[in-house]
Amino acid sequence: MIGNFLDQFWSLTFGGLSLGFIYILIALGYTMVYGVLRMINFANSEIFMVGTFATIIIIRDLFKFTQVSEYATGFRLWLILGTALIFAMLVSGILSMLVEMVAYRRLRRMNSGVLAPLISAIGVSMVLSESVRILTDSRPVASPRAMEKKFLGQFFDAGIRIDNTIIVISALVLFAILITFVNKTRMGKAIRAVSMNPNAARLMGINIDGVISATFLVGGLMTGAAGFFYTLKYENTSAFIGFELGIAAFTAAILGGIGNIKGAFYGGLALGLLETYASFFLGTQWKAVTVFIVLVLVLYTKPNGLFGEALTQTRA
Amino acid sequence: MFNLRDKGAEIWENQGRVGRIVIAVGAIAIVAALPFMGGTFLNTPIADYESVLVYPIAMFVLMAIGLNIVIGKSGLLDLGYVAFFAIGAYTMGLLGTKTGLNTWEILPIGIAMAMFSGIILGVPALKLRGDYLAIITLGFGEIVRIVALNLGALGRSEGILGIPTPPGFFGIEYAFDSHRIYYWTLLILILLAIWMVRRLSARRAGRAWESIRQDEDAAELLGVPTFKYKVWAFVLGASVGGAAGVLYASKTLFIAPDNFTLQISILILACVVFGGMGNIWGVILGAVILGYLPDRIRFLSEARLLVFGLVLVIMMNLRPDGILPRKKREKAIVKKDAS
């Protein structure tokens, strides 16, 4: 068993890394919203699920790919992948903004405490996943393969697959863009201000509703990108994938310290690797259980995560 | 605004002892006679009326009463309530097929198992903030299903077959299709649960839960052992879920992991929210309506969960107290707190 593990160590690690980067992007959806609202965005998992379907719609319906068609190459390939990525991001981002308007905004104005928005967000995620389930007849949907999944090179016997490489590089780029946005732009500054103290931010003339909408939009864009990468890697989706990925990404966000953007990065990587190694030893059916045990352990021993919670701590 | 809850409470409080007994007996008699009122417009197109009365209606009512202790009384969001239902059902399934015990002997064991798992989950989880509790319980509900799906001893995806029906007594036999008997059995359990909740609410535990729901920190400062009472609420809720599970297993005679999905937790949550969190009559009404309507209206039964999701969103935004809200006295304090 150990010998096998060492033989496969690098290929497991590459798989785990790309899974980790998918988790990072979903975890950003949780962590951004948590940073400004101090609330779990329960619908984020379903926004991810919609992102995977948006990707399939582009590849299958816009570019007419089927399971037997030839692989695209060169410029056409990048055009397809780029369109799908942008479309998935936009659909998820806008959906995320709508979710905020439907599930949170009115309750926030009513000052209704913690329970009510949680329940209403669960309602929204139920509506999303059920609508998709009814549209797809409860069946999983396969994504046609637009890109030949060739190996770029070898690293200690493990092939470096092109899709994993694309995921890691693009996720890194997206992450860098997000960090720059939050730290360098005016809107990013407003987001940080609301996260530190919403009342003071309001007094400084910041439009709180606008900032919260923007936060949901950014979180949704990242989650939608994760949906694209997931479809690229696993080529399969269903109305039910949101739940498991959502819990895992949420665990990643908690692990790194929810509300903390850099925390989401390390948490996502750690969880992606951990999950991949664990399912090698225990079998994939216990994956969700492993993640859950990690979540409970982290919350119980270090509820602020490994890198601390948010920029500021002091809001109830 | 006209408040049916207060009106009802007023009538009840103005009655003497005799009047109250008459009202209670009358109400129980009407509810117990429900199976005989079938064959009319109450029939549903999918299943026959009497079986709908047992599942989902009576079963939902029982579970909603249990979940209401956790959510409505003490304000803890439990999204994995189906776990306790599943634990009760699997206890019945395992012990009923592997040992000679009958349903009535397994019922206390099933309840104990559900309570025990309530403690196992509750002790670490209830130390956390409300939203973390929600996600931990959400995960737990799913974990129980995954364990049942992957452990050979629990029958994997085939589940457990041939669970025995309860043994009869006084010449009453529990046949597979004698829905009335099951309905009355569940009714007795529901009445017991209502009695338990009402007794507890009027006493120290009820006051402690109420204070935890309104302001946990203040309650803690005033010397209420909040953690202890939170665990109690959790465990009592679990016990009702476990009892429902045992009866469910001995009614359907066959259980599989697919019967215990996350959706059940959401359904029961929707019943509680729709009826009115914290008010036991509202919760019962909510469970009856949400259990019955999707079966009655054919096009709704496929989209049942969609409707329940919508119910959660709409109720929370427009009428967060549900269709039968809790007493005004309890509500007033919340309003003051929010402003």
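Glu235(A) pairs up with Arg145(A) in a salt bridge, the closest N and O atoms sitting 2.7 Å apart; a salt bridge here is a side-chain nitrogen of Lys or Arg within 4 Å of a carboxyl oxygen of Asp or Glu. Glu235(A) is in the loop between H8 and strand S4 (236-237) of chain A, and Arg145(A) in the loop between strand S1 (141-142) and strand S2 (151-155) of chain A, so the pair ties together parts that are 90 residues apart in sequence. Helices (H or I, at least four residues) and strands (E, at least two) are DSSP runs, numbered from the N terminus. Glu235(A) also has a positive phi, near 55 degrees, in a residue other than glycine. Over all chains, the count comes to 14 salt bridges.

This is a predicted model, in which local features need pLDDT of at least 70 and side-chain atom pairs count only at pLDDT 80 or more, while totals for chains, interfaces and linings use all residues. Residues are numbered from 1 along each chain as its sequence is written, chains are lettered from A and ligands numbered from 1 in the order in which they are written, and side-chain values use heavy atoms, leaving out hydrogens and water.

Now for the helix packing in chain A. The axes of helix H5 (residues 162-184) of chain A and helix H8 (residues 208-234) of chain A come within 10 Å and cross at roughly 175 degrees; axes are lines fitted to C-alpha atoms, for helices over the stretch in contact, and angles run from 0 to 180 degrees between N-to-C directions. That makes H5(A) roughly antiparallel to H8(A), the label for angles over 145 degrees, with 65 to 115 counting as roughly perpendicular. On the H5(A) side the contact (heavy atoms within 4.5 Å) includes Ile166(A), Ile167(A), Leu174(A) and Phe181(A), which meet a set in H8(A) that includes Val218(A), Met222(A) and Phe229(A). By class, this contact has 11 nonpolar, 2 polar and 2 charged residues; Ala, Val, Leu, Ile, Met, Phe, Trp, Tyr, Cys and Pro count as nonpolar, Asp, Glu, Lys and Arg as charged, and the others, Gly among them, as polar.

H8(A) packs against helix H6 (residues 186-196) of chain A as well, at an angle of about 105 degrees and with the axes 10 Å apart. H6(A) and H8(A) are therefore roughly perpendicular to each other. Met187(A), Ala190(A), Ile191(A) and Val194(A) of H6(A) make this contact with Ile208(A), Gly210(A), Val211(A), Ala214(A) and Thr215(A) of H8(A).

Chain B puts in 40 residues and chain A 41 residues. Together they bury about 3600 Å², 78% of it on carbon and sulfur atoms, buried area being the accessible area (1.4 Å probe) that two parts lose on being put together, summed over both. In chain B, Tyr132(B), Ile135(B) and Asn317(B) lose the most area to chain A, together 18% of what that side buries.

A cis peptide bond joins Tyr55(B) and Pro56(B), with omega about 15 degrees, and Pro56(B) falls in helix H3 (residues 49-73) of chain B.

Conventions:
Angles under 35 degrees count as roughly parallel, over 145 as roughly antiparallel, 65 to 115 as roughly perpendicular and the rest as oblique.
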